[in-house]
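Please keep the sequence and the model in view while reading.

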Amino acid sequence: MKNKAVSVSYAGKRGHGPLSAIRVKPAAGNPRRGWLTAGSLTIPVALGRGGILANKREGDGGTPRGSFRPRQLWWRSDRHSRPRTFLPARIVTDTDAWCEDPSDRHYNQWIRRGQGEGGDRLKRADHLYDFIIEIDHNTRPRIAGRGSAVFLHLARDNFGPTAGCVSMTKAAMLHLLRRIGPRTRIIIG
C-alpha cells in the first residue's frame with residue numbers, strides 16, 4: 001500500500017481560514033514547559049529537556065528557537081479518524097521512520113525502515129505520535145548535526161520533557177489542527 005499525502009482542506013469554522021501565526025514561549029521558572037498561543041487559544045506544552053535553544057544540535061534535547069512552517073500532518077488512522085485540518089495529511093504506517101543519523105544522506109527526512117532497521121519510528125506503542133505535525137526545522141538547507149525530527153506531537157501524561165519537540169494534549173492538538181495550515185508561522189522562543 002502506498003503512503004500518499006492527502007491534500008484535502010477543512011475549515012475549523014465556516015468562513016475561517018488558518019491562522020497566520022502561532023507562538024510558543026517558555027513557562028516562567030521551568031524551561032522544559034511552555035505555552036502555545038494560537039489566536040484566542042493558549043495551551044500548556046512540554047518542551048525539550050534542554051529548553052528552547054538558539055543553536056540547536058542533534059541530541060542536545062533542545063527545542064529550536066526560530067520561525068518555522070508546518071509541512072504536513074502524520075496521524076494514526078488505526079487509532080483516530082482523520083482530523084479536520086488545512087494541512088496535507090498522511091497516514092503513519094509500520095515502515096515510516098525519521099532519519100536522525102547526521103552521516104546519512106537522508107538525515108532529517110522521512111524514510112522507510114524494515115523490521116530491525118534504525119530510525120525514529122513514527123508508529124509507536126505509546127500515543128505520543130498518534131498525531132505529528134512535521135515542521136520545516138533544518139530542511140532548507142539540511143545541515144548535518146543541526147537537529148532532526150522536531151515535531152509538534154502529543155504529550156506524555158505527566159507533561160514530561162521531549163527530546164526537542166513541542167508536545168500537548170490530544171484535545172489541544174485537535175483544536176490546533178483545525179486552525180493551522182501550510183502558511184501558518186510557528187514562532188518558538
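## Burial and basis of the model

Of the 189 residues in the protein, 46% are buried, where buried means under 20% relative accessible area with a 1.4 Å probe and protein chains only. The model is a predicted one, in which local features need pLDDT of at least 70 and side-chain atom pairs count only at pLDDT 80 or more, while totals for chains, interfaces and linings use all residues. Residues are numbered from 1 along each chain as its sequence is written, and side-chain values use heavy atoms, with hydrogens and water left out.

## Overall fold

The protein has 1 helix and 15 strands, taken as DSSP runs of H or I with at least four residues for helices and of E with at least two for strands. Along its principal axes, the C-alpha trace spans about 45 × 45 × 35 Å. Among contacts (heavy atoms within 4.5 Å) between residues at least 6 apart in sequence, 61% join residues at least 24 apart.

## The surroundings of His80

His80 is found in the loop between strand S7 (70-75) and strand S8 (89-91), and because its relative accessibility is 15%, His80 counts as buried. Leaving aside residues up to four places away in sequence, His80 touches Trp75, Asp130, Phe131 and Lys170.

With Lys170, the side chain of His80 also makes a side-chain polar contact at 3.1 Å; such a contact is a pair of N or O atoms within 3.5 Å, and within protein one must be able to donate a hydrogen and the other to accept it, with residues adjacent in sequence counting only if both atoms are side-chain atoms.

Terms used:
Buried means under 20% relative accessible area, exposed over 50%, partly exposed in between (1.4 Å probe, protein chains only).
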